[in-house]
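I opened my notebook to look up a few things in this structure. Here is what I jotted down, entry by entry.

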Amino acid sequence: MRKQLYLFLFIFIWGSTVLSQNAYYDVLKLKKAGSITEKGRIKIDSTNIDIVVPILGTYMGKNSASFNDIEIYYNSFEGKDNNPFIEIEGNKQSDGSDDKTHDGSHFAFFSNLGSLNVTNLADGFAKFLVKRTKEELNVAFFDQFCTFITNDKYKDAQILFPQTYTTLLAIGDRIYSYEAYINILRESFEKDLDGLLTNLPKVIEDKSHEKFFNDHPDLKAICLSSLYVGNGLMNKVHPGKIIADYDVSKLDKIPNINIKASIQILKLFSESLRSKSTDHYWIPADSLAMLVKNDVAFKIYLGLIYQKSEGIKIQVGKDTTFQQVLAENASNFKQYDSYLRSFIAQASIITGNIKNISGKESDKLTFTDYYNFYNSVLDLIQKTSTINQLPGLEGLNFPDDFNKYQNIARMGGNIALDINRRNYNSAVVNIFTLYNYALGGNNNECGTKILKYGSFMATMVQAQNSDDVETAIEAFALPSGSSRIKRETSYNFALNAYCGLFVGEEKIKGVNGWDWNSYGVAAPIGISINKGNGSFFPILGAFSSKHRWSHSIFLSVVDIGALAAFRFKDAETDAVPKIELKDIVSPGIFYSLGIAKTPLSINAGWQMGPLLREVTNTKNNYGSKYSRFSISVCVDIPILNFYSKSN
């Protein structure tokens, strides 16, 4: 009872202080403010406008008067009994950081309380809302990532990113504390990105794609071949050995037999020109020149090639074998000279690039050093497309998209170069391209998600410090799952905030009609009365959903959207220009639809718009009184939960 009495006395005394009018004390306030001149006029200027206008406005019967209102009322003798005692002089401008006509607050209750300085409180809330908005979206993003990779529908992602899959599976429902797992997640990301060339072949070989690849054997063969080359380069296998160890049986199911034949012929000549020296894999150009100049020796060399070429099937206008083509063109054996010289010239470039890389310390190797080596290897492999320069193979028929096959074959080497140089974002893009090509766009949804989350993983791994990590998360954090309390409880009553973008119609005092060009950042704070654990259409049972939506009535009290907009752009400035309570008061009522599995809400309603329109480093910009009907998409941020009821 005593507490209730104290509370009553406090409200009575405080309320009387705020709402009462006392001429004696008001005159003292005017005098103290330096507004009473020697001639008995009331002077209003930048030093006292915030004190004088509210006092004189109250005696006019207006609790939200402007300078213009007061000047017209008193100086034009429109006041009661043509007040002969009061005359106004001055101008309506306040100080340089506060360019406004001070309209006061929306209700009499705030007439004096509204002058309360709430700069630090409002700015603190703005920083909190900006930070919490980002955190909600970050949690939502990681929740979405976890949901994606643990869903067996996206098994390809589990195979491609096995370490990440295992880590996120272990974290499970604790993903809301993602910050505690950042380091282990980054380690998992890096392991998976380094293993892209090893893991993608496992995706292609998985039984889930067996039926598709039975119908498209060429796609499977070309992509596995590309990845084979890339893996070899990643593991520092010599290009000659990569060619020698290639399993041509991978190409057996390709309808055009000339693709397999071109690889077999390249392998045949590559091994025939292999050197016994440990310094280089192939014989040097001068050794080949000595062979070619000796017709007898060169003819015998081709005879040995003939013996090794048995079983290489080829189609040159008819089905035949490379051995048969050699026999039919034995008299033209000198024409093999240019092909072999071209092969050895390219092989010599590779040998030189290998020596260049081997002769430098790793920290002194440049991108150009690596690029020249990888590119020279791929150029050699691409000589498969030039076998039609050999005698008898001029009419060789390759498929129309053979050039595309060549480009795909090079991609494995490009991925190896990307991983070697830790250029993970480029590696992910190339893996995505190869994945989509291998599956012929048959699994676009999974491919798109692999690109999205793979790029995020790459950006995280390449972050240099905690700020880079935070930036990486914010760059990819798209709304998809948090703010569960309001969605999953039957009833909820809370102090609530929303932060997001609005578009609406405004009716401004003194302006007829509505302004359809109203848009910006909204950050209302107030009371939320919520019904959760429901469907999108709670009344129509036929439209019920397994996902949990929420429906709320939100009563706004203040709106710090202008300050939040400033803080989204500038989180570093320590202080902002002075803000008074009446400038952010924004009573209103909204219906809020909480979207299932996201922290987002769609709000629609009416409010008395806050007078504070814009915050900058040096000044605040204010507007006249107005009302606003708006629709907004906001992050739902419960601040203080008063009551919740579960099922």
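**Entry 1: salt bridges**

I began with Arg341 and Asp337, which sit four residues apart in helix α17 (residues 336-358) and so are separated by about one helical turn. Helices (H or I, at least four residues) and strands (E, at least two) are DSSP runs here, numbered from the N terminus. I am working with a predicted model, where local features need pLDDT of at least 70, side-chain atom pairs count only at pLDDT 80 or more, and totals for chains, interfaces and linings use all residues. Residues are numbered from 1 along each chain as its sequence is written, and side-chain values use heavy atoms, with hydrogens and water left out.

Arg341 and Asp337 form a salt bridge with their closest N and O atoms 2.5 Å apart; the term means a side-chain nitrogen of Lys or Arg within 4 Å of a carboxyl oxygen of Asp or Glu. I noted Arg341 as partly exposed at 37% relative accessibility, while Asp337 is buried at 17%. My cut-offs were under 20% relative accessible area for buried, over 50% for exposed and partly exposed in between (1.4 Å probe, protein chains only).

Searching the whole structure gave me 15 salt bridges. One of them joins Lys260 to Asp252, with 2.4 Å between the closest N and O atoms. Lys260 is partly exposed at 23%, and Asp252 is partly exposed too, at 47%.

**Entry 2: a buried pair**

Next I looked up Glu506 and Arg628, whose side chains meet in a salt bridge at 3.4 Å, N to O. This pair links distant parts of the chain, from strand β6 (residues 491-508) to strand β14 (residues 626-645), 122 residues apart. Both Glu506 and Arg628 are buried. Arg613 joins these two in a network of salt bridges.

**Entry 3: the largest cavity**

How many cavities of 30 Å³ or more does a search of the whole structure find? I got six, a cavity being a set of points on a 1 Å grid over the protein atoms alone where a 1.4 Å probe fits but cannot get out. The largest holds about 290 Å³, the volume being the space filled by probe spheres set on the points, which are joined across faces, edges and corners. Of its 20 lining residues (an atom within 4 Å of a point), those closest to the centre are Ser225, Ile263, Ile381, Thr384 and Ala409.

**Entry 4: helix α11**

I finished with α11 (217-234), one of the helices supplying at least two residues of that lining. Of its 18 residues, 15 are buried, so α11 is largely enclosed by the rest of the structure.

Note on methods: 1 Å grid on protein atoms, 1.4 Å probe; cavity = no way out; pocket = protein on both sides within 12 Å on 5 of 7 lines; lining within 4 Å.
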